[in-house]
Amino acid sequence: MIPYAGSHRPSSGPHYTDPDEDPVVRPFMLTGGRTQPLQDGLRIETQLRAAPAALSAPLRFESRRIVELAQTPKSIADLSAALHAPLAVVRVIVADLITQGYLSVEDQPSELSTSLIERIRDRVRAL
């Protein structure tokens with residue numbers, strides 16, 4: 001994964017770049033500058049599943065990785081932690097994948113279980 005802006009700290013000088021480091025990608029570059037998802041109602045605990053056929057779709061970078069990870073149901077928080085990406089960025093990418101038909105939303109419980117809340121808390125802390 002390419003590191004996101006904010007995770008890179010130059011070790012010396014205003015323009016120091018280590019030739020062995022990956023380039024930094026700003027989060028807005030991954031979402032085309034959008035900050036709001038196309039799909040409304042996506043919460044961090046929303047469970048997603050990717051269609052197996054989506055693995056052969058011409059997706060790039062984070063979209064490809066999300067489809068790979070979501071072969072088993074994953075929450076948006078789980079995907080964000082796995083990608084080391086901000087929740088807002090993952091929500092926008094996920095919404096695009098839902099709109100394109102590569103991801104589907106699993107049935108959402110009306111109430112969250114204690115174990116799910118604890119898992120979400122742990123994943124958010126991992127960010």
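How many of the eight residues of helix H3 are buried? I began with this question, keeping in mind that the model is predicted.

**Entry on helix H3.** I looked up residues 76-83 and found that helix H3 is mostly covered, with seven of its eight residues buried. The buried ones I noted down are Ile 76, Ala 77, Asp 78, Leu 79, Ser 80, Ala 81 and Leu 83. I then asked what these buried residues pack against, and I listed strand S1 (47-50), helix H2 (61-69), strand S2 (74-75), helix H4 (87-99) and helix H5 (114-126).

Next I turned to the strands, where I found three of them forming an open sheet in the order S2-S1-S3, with antiparallel pairing. The edge strands are S2 and strand S3 (103-105), each of which pairs on one side only. Looking at S1 and S2, I saw that they pair in the antiparallel sense over two bridges, and I noted that Gln 47 has Ser 75, in S2, as its bridge partner.

**Entry on Arg 64.** Last I looked up Arg 64, which has its place in helix H2. Setting aside neighbours within four places in sequence, I found Arg 64 in contact with Ala 54, Leu 55, Ser 56, Ala 57, Pro 58 and Leu 59. For Ala 54, I wrote down that it is ten residues from Arg 64 in sequence and 8.7 Å from it in space, C-alpha to C-alpha. For Leu 55, I noted that its backbone oxygen lies 2.6 Å from a polar atom of the Arg 64 side chain.

Notes
Residues numbered from 1 in each chain as written. Predicted model: local features only at pLDDT ≥ 70, side-chain atom pairs only at ≥ 80, totals over all residues. Heavy atoms only, no water. Buried < 20%, exposed > 50% of the residue type's maximum accessible area, 1.4 Å probe, protein only. Helix = DSSP H or I, 4+ residues; strand = E, 2+ residues; numbered from the N terminus. Contact = heavy atoms within 4.5 Å. Polar contact = N/O pair within 3.5 Å; in protein donor to acceptor, adjacent residues only side chain to side chain. Pairing = 2+ DSSP bridges.
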